[in-house]
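This report accompanies the sequence and structure shown below. It treats surface, strands, core and charged pairs in turn.

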Amino acid sequence: YTGHTDWVIGLAFSPARETAYVATASTDCTARVWPIVGGPAVAVLRGQRDYVFNSVDLNGGDGLQAVTGSCDHRARVWDWPQSREVLSFQHDDGVSSVQFSPDSTKVLSSCHDHTAALWDLRSGRRAVILSGHLGVVRQAVFADPLERRVLTARDDRTLKFSWRWTQKAYGDVSVVQ
């Protein structure tokens, strides 16, 4: 797998469909999607204005979407077979991690602004913001298959577990905890 022009610092795997794929994120401001069997990249995702952190994921549903997070303060959802951005989510600082929800309807992102956020892919809006961290949130992951809990890793040398949120006002920022 060659093609990036700078460090590869993120990796995601999707066994979806008849061909498995791997996505890479790089400090060359691109993400690329490759068939796991080798060969050239089948998609180059350009549009990030700064390097892509260790933040790339492939949608486990149909496998045809990717999400990236960048130092340019945005998380982007891509139709990767077309190399086309379909959604963009704005943070207040660099995005350090991204992950599709198990049901493929949401994106979870973490940020250098000391927050994590849950984004609704249907509306394109932030559904929940998880705040109260004392340092950069390096990574956020879904901690259960029902998506009710999130685990975050932070620069203050701690993990935060068991965030819970309501979905009464889904599409608006919900109350956390």
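Tyrosine 1 is exposed, with a relative accessible area of 53%; here buried means under 20% relative accessible area, exposed over 50%, and partly exposed in between, with a 1.4 Å probe and protein chains only. The residue belongs to the segment before β1 (8–14). Helices (H or I, at least four residues) and strands (E, at least two) are DSSP runs, numbered from the N terminus. Together with Phe13, Ile36 and Val37, Tyr1 makes a nonpolar surface patch of about 460 Å². Patches are made of residues with over 30% relative accessible area and no salt bridge, where like charges are joined within 9 Å and nonpolar side chains (Val, Leu, Ile, Met, Phe, Trp, Tyr) within 5 Å. Accessible areas come from the Shrake-Rupley method with a 1.4 Å probe, and for residues only the protein chains shown count as cover.

The model is predicted: local features need pLDDT of at least 70, side-chain atom pairs count only at pLDDT 80 or more, and totals for chains, interfaces and linings use all residues. Residues are numbered from 1 along each chain as its sequence is written, and side-chain values use heavy atoms, with hydrogens and water left out.

**Strands and hairpins**

Four strands form an open sheet in the order β1-β2-β3-β4, with antiparallel pairing. β1 and β4 (43–46) stand at the edges with a single partner strand each, so one side of each has no neighbour in the sheet. On average, neighbouring strands of this sheet are turned by 20° against each other, direction ignored; axes are lines fitted to C-alpha atoms, for helices over the stretch in contact, and angles run from 0 to 180 degrees between N-to-C directions. Two strands count as paired if DSSP finds at least two bridges between them.

Within this sheet, 6 bridges join β1 to β2, which run antiparallel, and serine 14 stands opposite tyrosine 21 in β2. Strand β2 (residues 21–26) is joined to strand β3 (residues 30–35) by 5 bridges, again antiparallel; valine 22 has tryptophan 34 in β3 as its bridge partner. The hairpin of β2 and β3 has 3 residues between the strands. Cysteine 29 lies in this loop and has a positive phi of about 70° although it is not a glycine. Its relative accessible area of 24% makes cysteine 29 partly exposed.

Leucine 118 stands opposite valine 128 in β12. Their hairpin has 5 residues between the strands, and glycine 124 there takes a positive phi near 75°. Another positive phi, near 65°, belongs to serine 104, a residue other than glycine. Serine 104 sits in the loop between β9 (95–100) and β10 (106–111) and counts as buried at 18% relative accessibility.

**The nonpolar core**

What touches the most other members in the largest nonpolar core? Of its 13 residues, these are Ala23, Val33, Leu45, Val56, Leu58, Ala66 and Trp80. β2, β3, β4 and β5 (52–58) each supply at least two residues of this core, and β2 gives the most, with 3 residues. Such a core is a set of buried Ala, Val, Leu, Ile, Met, Phe, Trp, Tyr and Cys residues joined through side-chain atoms within 4.5 Å. In β2, 6 of 6 residues are buried: Tyr21, Ala23 and Ala25 point one way, and Val22, Thr24 and Ser26 the other way.

**Salt bridges**

The whole structure holds 5 salt bridges, each a side-chain nitrogen of Lys or Arg within 4 Å of a carboxyl oxygen of Asp or Glu.

| Arginine 84 | Aspartate 79 | 3.5 Å |

Arginine 138 in strand β13 (residues 137–142) and aspartate 155 in the loop between β14 (150–154) and β15 (159–160) link distant parts of the chain, 17 residues apart. Arginine 138 is partly exposed at 38% relative accessibility, and aspartate 155 is partly exposed with a relative accessible area of 38%. Aspartate 79 counts as buried at 19%, whereas arginine 84 is partly exposed at 44%. Lysine 106 is buried at 8%, while aspartate 103 is partly exposed at 40%.
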